[in-house]
Amino acid sequence: MGRTTMRFAFSEEQEMLHDMIHAALQREAGLDKVRCWVEGENLLPFDEFVARNAWAGIGVGEEVGGQGGGLIEQTLMFEVLGRSVAPSGSLLAGAGVLGFASRIPDGVEQLHGLLEGKATVALCVNAGRPADQGASQVQVSGECLSGIVPMVLEAPGASQLLVPIPADDGLELWLLPADAPGVEIRSRRLIDRTRRFGDVHLQDVQARHLGRLPRDAAREVNAVMALLIAAESLGAARRMLDMTVEYVGQRVQFGVVVGSFQAVKHAAAEILVELEAAHSGIYYAAWALQEGQEDGVQQAWIAKAFATDAAVRTADRALMLHGAIGYTWEHDLQLFYKRVKLNQELLGSARTYRERLADALQLH
Amino acid sequence: MDFRDSRVDALFRDEVRTWLEREVPVLGQAPDRLEERVEWWRPWQRRLHDAGYAGLAWPREYGGRGASVLQQAIFYEECDRAGAPDRLDVISAGFAGPTLIEHGTSTQKNRFLDRILTGEDLWCQLFSEPGAGSDLASLTTRAVRDGGGWRIHGQKVWTSAAQVAEYAILLARTGEGERHRGISFFILPMRQSGVEVRPLRQMLGGAEFNEVFLDGAYVPDELLVGPLGGGWKVAMSTLGYERAAIATGRVNTLRLLKELIALVKNTKDPDGRALGQDAFIRQKVAELYGRMTLQRITGKRILSTLAEGGAPGPEASTAKLFITPLVEDICDFALSVIGIEGQEEPNDADPARARWLRLAYQARGTSIAGGTTFIQRNILAERVLGMKRD
């Protein structure tokens, strides 16, 4: 590598990947399609589209059957997915599952079909908390698991469940088929219907022990997932800003377009300020985690806390600037609005990550 | 995407660090009064110059080192780390010099640039007027033809360091053209009759900026910069350098956060509990720490674009709007941790406390200088987002 200076910009290959994913989504998962899947409560067409393109393998090394690239590529993909408010839950769950599995010996090999999109594996943890806390609700007796894990992302429709159970200073990983005797998955309906959630009930379910993950490795995986959520919120927020600028540029009141009012311009400019800062933080964290830099995990926490909150502030300003039309079911803003609200809570809110950061800064 | 120093840059960083570690500790405390501080600073600047660190990113032909903007940034990072003296030549070497390199005649370059780098001449900026602040193009100071030069009549205001400056960059009207047309950009020698500097007390009591009354001050033709009546364009590049300097970090926010954390660790609440255990305080510090890292990363992002010879993207326009409230929030929070004693007039008894207070007030100045926050938002909305002018 003939690297001569510090560089922030994306490589040509990364730009191409971005454009390729963007074009594919526009072609096959436009807002009309997303709306149709949401109203029909059937996200399978998108899962099949992702499987055909093997997107679960983007950012995963070729040596384990992925498409190559690293976390920067994966982060880019999630930003683009967010721009399209695509039903990306299974990709997110998949990233978590792969992250856990790839950090134990032969872990990825044991998850047949995941990278090719032939199998969907849900990460059986409460999606409202950091994934590295594991499923503390589940008891192990011999090789049998029992307990109730609420709010598991993409549990409905999953073919397998990866259950990380807290053990001293790490997580024990267990794998079980979603249709095994003693498994019951009760769907939960969230306001954001582009993602599936369910409570997982386990009663004496026979499971396979995959291995043991140290605490730091689990934190890294959680940081990766948090970062991907942040990137997705950034993409959604950028789209909402674009929609807003376009709308206020054609909506006329008092004889002028409302976008010429300073109050409106300032609101839009404030959004841009936050999103550019989020962009800096997200891609720095992707690089730092990918390269194993010391501050990678912390920067991912910061990105999650800042970007998901900033996206919600964007959503509320976008709603205000659209006037009443933005408050309707038929306007697309609602899809993005609900998504960024959910992302704020997914994997733990900003408060959770700021508390972790305060701990790392040794405030007491 | 890569944030590590290249091999060459890493070597440069080592070199600078070693040099600063040897030179900085023997300097002692900077005097408070600006006039004394300038005299204290000049020998330091001379040593920087002799060691080849003045005008790092300036071209070699103008006395610089021709280094990359990244090495320039590395140098300032290391200065921050070593606790080197604050720069007093921000206007001369940061704004005026680069403007002359871009728009000046070769005579002007030969005459002024070297003395800027050695610290012999400090400069000030005579742009704002009582009636021309955010709307700078409405300025009314006039340049009237007199033989081979111009006589300047008018009043300037908010002029930092005018009392110690040898020269000023000056905007004045030379023609009848509307607004932007008819403005010319001059170099004004400050030490002459016809230039009167009156200090202005700021809200905290200090006098760092001034009013400058121009009553027939003389500028010869050879000190006109750029075309006659074409001064607006020259001024815009000066303001660009000013904003870039603010955005890429004239305030060392990392150091502020370290000091804030130390302050929190050393403070107890009225009931004697460590403040660092308070949930609200912990949230707030973490939030500020996070924003600080985002601001610094954005600074690197801007530099990396400049280093590749590209035009700065939207991040450069947003950076000032991100750092300004950040510095205000950090300082305000520190003062709230200190409590009512944080509102005591700065004194020698507690220099750390006085510094938070000064910084908190200075930050308000930064949100106004170089284009107020509200004006910057207009610019961002119109030029970056393409929204309609009103």
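This is a predicted model: local features need pLDDT of at least 70, side-chain atom pairs count only at pLDDT 80 or more; totals for chains, interfaces and linings use all residues.
Me: What makes B:Leu100 count as buried or exposed?

Reply: A residue is buried if 20 or more other C-beta atoms lie within 10 Å of its own, exposed if 12 or fewer, and partly exposed in between, with C-beta atoms placed from the backbone. B:Leu100 has 24 other C-beta atoms within 10 Å and is therefore buried. B:Leu100 is found in helix H4 (residues 90–103) of chain B, helices being DSSP runs of H or I with at least four residues and strands runs of E with at least two, both numbered from the N terminus. Leaving aside neighbours within four places in sequence, B:Leu100 is in contact with B:Gln108, B:Lys109, B:Phe112, B:Leu113 and B:Val225, contact meaning that the C-beta atoms of two residues, placed from the backbone, lie within 7 Å.

Me: Why does B:Thr141 count as buried?

Reply: B:Thr141 has 20 C-beta neighbours inside 10 Å and therefore counts as buried. B:Thr141 lies in the loop between strand S1 (123–126) and strand S2 (142–146) of chain B, and its contacts beyond four places in sequence include B:Ile152, B:Ala172 and B:Leu214.

Me: Why are H8(A) and H8(B) called roughly perpendicular to each other?

Reply: Two packed helices are described by the angle between their axes and the distance between the axes. Helix H8 (residues 296–322) of chain A and H8(B) pack at an angle of about 100°, with their axes 10 Å apart; axes are lines fitted to C-alpha atoms, for helices over the stretch in contact, and angles run from 0 to 180 degrees between N-to-C directions. Angles under 35 degrees count as roughly parallel, over 145 as roughly antiparallel, 65 to 115 as roughly perpendicular and the rest as oblique, and H8(A) and H8(B) are therefore roughly perpendicular. In this packing A:Gln299, A:Ile302, A:Ala305 and A:Phe306 meet B:Gly290, B:Thr293 and B:Leu294.

Me: Which element gives the most to the side of chain B that touches chain A?

Reply: Over the whole interface, 45 residues of chain B are in contact with 42 residues of chain A, and H8(B) gives the most to the chain B side, with 15 residues. That side divides into 21 nonpolar, eleven polar and 13 charged residues, where Ala, Val, Leu, Ile, Met, Phe, Trp, Tyr, Cys and Pro count as nonpolar, Asp, Glu, Lys and Arg as charged, and the others, Gly among them, as polar.

Me: What does the radius of gyration of chain A say when set against that of a compact globule?

Reply: The radius is taken over C-alpha atoms, and the globule rule is 2.2 Å times the number of residues to the power 0.38. With 364 residues the rule gives a value near 21 Å, and chain A has 21 Å, which agrees. Of these 364 residues, 54% count as buried.

Methods. Residues are numbered from 1 along each chain as its sequence is written. Chains are lettered from A and ligands numbered from 1 in the order in which they are written.
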